[in-house]
Amino acid sequence: SVLGCSEGDLVLIPPGVAHKQLSASPDFLLLGAYPNETPRADTVRGAPSEAQRQNIASIPPPASDPLFGLDAAPWGGDVAELF
């Protein structure tokens, strides 16, 4: 699937989901970051091994919303419910 984004959009990609930027306008900025709970995040290219699948499944959700913080998220502040 292809997801279009507009100015002001925030895209949260959960662990284990493949993603790739196919194209962008000249004024597009992509910022990627990992939550403090995953200091040793790795990149899996191709089909994951069983050990990599277990690693993906064990990743905890972020303790706070990456944009709004602990309590200000429009969906109530518990980012774990999104995953």
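Me: Where is leucine 3 placed relative to helix 1?
Reply: Leucine 3 sits in the segment before helix 1. Keep in mind that this is a predicted model.

Me: Is leucine 3 buried or exposed?
Reply: Leucine 3 counts as exposed, because its relative accessibility is 61% and the cut-off for exposed is over 50%.

Me: Which residues form a nonpolar patch on the surface?
Reply: The patch consists of Leu3, Val11, Ile13 and Val17. Together these residues have about 340 Å² of accessible area.

Me: And how far is leucine 3 from glutamine 21?
Reply: Their C-alpha atoms are separated by 9.8 Å. Along the chain, leucine 3 and glutamine 21 are 18 residues apart.

Me: Changing topic. How many helices and strands are there in the protein chain?
Reply: The protein chain has 1 helix and 0 strands. Helix 1 covers 50-58.

Me: What share of the residues is buried?
Reply: Buried residues are 7% of the 83 in the protein chain.

Me: What does the accessible surface come to, and how much belongs to carbon and sulfur?
Reply: The accessible surface of the protein chain is about 7200 Å². Carbon and sulfur atoms account for 53% of that surface.

Me: Contacts next. Of those with a separation of 6 or more, what percentage joins residues 24 or more positions apart?
Reply: That percentage is 35% for the protein chain.

Me: OK, isoleucine 59. Where is that one?
Reply: Isoleucine 59 is in the segment after helix 1.

Me: What does isoleucine 59 touch, leaving out residues up to four places away in sequence?
Reply: With those left out, isoleucine 59 touches Pro15 and Thr38.

Me: How far is isoleucine 59 from proline 14?
Reply: In space the two are 9.5 Å apart, C-alpha to C-alpha. In sequence, isoleucine 59 and proline 14 are 45 residues apart.

Me: Now leucine 67. Which segment, and how exposed?
Reply: Leucine 67 is also placed in the segment after helix 1. Its relative accessible area is 52%, so leucine 67 is exposed.

Me: And where is leucine 12, and what is its accessibility?
Reply: Leucine 12 belongs to the segment before helix 1. At 31% relative accessibility, leucine 12 counts as partly exposed.

Me: What about leucine 12 and proline 66?
Reply: For leucine 12 and proline 66, the C-alpha to C-alpha distance is 8.6 Å. The two are 54 residues apart in sequence.

Notes. Residues numbered from 1 in each chain as written. Predicted model: local features only at pLDDT ≥ 70, side-chain atom pairs only at ≥ 80, totals over all residues. Heavy atoms only, no water. Helix = DSSP H or I, 4+ residues; strand = E, 2+ residues; numbered from the N terminus. Contact = heavy atoms within 4.5 Å. Buried < 20%, exposed > 50% of the residue type's maximum accessible area, 1.4 Å probe, protein only. Areas by Shrake-Rupley, 256 points an atom, 1.4 Å probe, with all protein chains shown as cover. Patch = residues over 30% accessible without salt bridge, like charges linked within 9 Å, V, L, I, M, F, W, Y side chains within 5 Å. Salt bridge = Lys/Arg side-chain N within 4 Å of Asp/Glu carboxyl O.
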